[in-house]
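Please look at the sequence and the 3D structure below before reading on. The paragraphs after them are meant to be read with the structure in view.

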Amino acid sequence: MDTRSVVRRGVPEGSEARVAALYWEAFGRKLGAALNPPDKARAFLAAHLHRDRAVTALVDGEVAGVAGYRLDGRGLTGGGASDVLAAYGVVRGLPRLALLGLLGRRPADRELVMDGIAVAPEHRGTGIGGLLLREIAAVAAEAGCRRIRLDVIDVNPRARALYERHGFVAVRTEKTPYLRGLMGFGAVTTMHRPVTAADSHQSEETR
């Protein structure tokens, strides 16, 4: 674990572009068909972040990793239909809205839905992903959630392995061959992790 890393709630003010870049580096393959070209996509994500719907890992004051989540109807990545149409125009925006709709996930009662984890390449393998997951669990416990849910695509086995190490269990896999050519993946696995009383106790390093 990188001893210089600390975990904080929210996206630090002024770090929106950094977070958007990390998020795009991790999920651009999945989001590209809806938000490309990359420069415009990163700008769109940065402009519409809900900064209070994330936990971030900082190394030497810079965001090295981020985990977004959806709770009470709001997630890390914002921007409604009007924002998409304003950024991309009506003709190009409408099909993009349809694609984004395929990726939408609504939490069930007392459920926190994760938007995924993005860690800068130079900080991978240092334990940051685990720190972020533990802080997400603490957020879920404080919100009175009974479980955490996430989806992982079939072309990201490294992420699935991380989630399994931290208590997530696969509950179903949906084949999506119609998205392989468009978004680069052909199956999505939903994973659950129960929220326990222990999750409400954060370590000193994450406070």
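Residues are numbered from 1 along each chain as its sequence is written, and side-chain values use heavy atoms, with hydrogens and water left out. The pLDDT is the predictor's confidence in each residue, on a scale from 0 to 100; its mean over the chain is 87, and 89% of the residues reach 70 or more. Over residues 203–207, however, the pLDDT is below 50, although this stretch has 10 contacts in the model beyond near neighbours in sequence, a contact being heavy atoms within 4.5 Å. Where pLDDT is low, the predicted coordinates should not be read in detail.

Helices (H or I, at least four residues) and strands (E, at least two) are DSSP runs, numbered from the N terminus, and two strands pair if DSSP finds at least two bridges between them. Seven strands form an open sheet with mixed pairing, in the order 1-2-3-4-5-7-6. Its edges are strand 1 (5–9) and strand 6 (169–175), each of which pairs on one side only. Strand 6 runs antiparallel to strand 7 (residues 187–194), and six bridges join the two; here Val169 stands opposite His192 of strand 7.

Which strands does helix 1 lie across? Helix 1 (residues 16–35) lies across strand 3 (62–70), strand 4 (111–119) and strand 5 (147–153), and runs at about 100 degrees to strand 4. Such angles run from 0 to 180 degrees between N-to-C directions, and axes are lines fitted to C-alpha atoms, for helices over the stretch in contact. Helix 5 (residues 128–142) also packs on the sheet, where the strands that it touches include strand 1, strand 2 (54–59) and strand 7, and its direction makes about 160 degrees with that of strand 4.

Two packed helices are described by the angle between their axes and the distance between the axes. The axes of helix 1 and helix 2 (residues 38–47) come within 8 Å and cross at roughly 125 degrees, which means that helix 1 is oblique to helix 2 (angles under 35 degrees count as roughly parallel, over 145 as roughly antiparallel, 65 to 115 as roughly perpendicular and the rest as oblique). Among the residues that meet in this contact are Trp24 and Leu35 of helix 1 and Phe44 and Leu45 of helix 2. Helix 2 also packs with helix 3 (residues 81–88), at an angle of about 145 degrees and with the axes 12 Å apart. In that contact, Lys40, Ala41 and Phe44 of helix 2 meet Asp83, Val84, Ala87 and Tyr88 of helix 3.

Two loops hold the backbone details. Most residues other than glycine have a negative phi, and most peptide bonds are trans. The peptide bond from Asn36 to Pro37, however, is cis, with omega near 5 degrees, and Pro37 lies in the loop between helix 1 and helix 2. Asp60, in the loop between strand 2 and strand 3, has a positive phi, near 55 degrees, in a residue other than glycine.

Definitions and conventions: This is a predicted model: local features need pLDDT of at least 70, side-chain atom pairs count only at pLDDT 80 or more; totals for chains, interfaces and linings use all residues.
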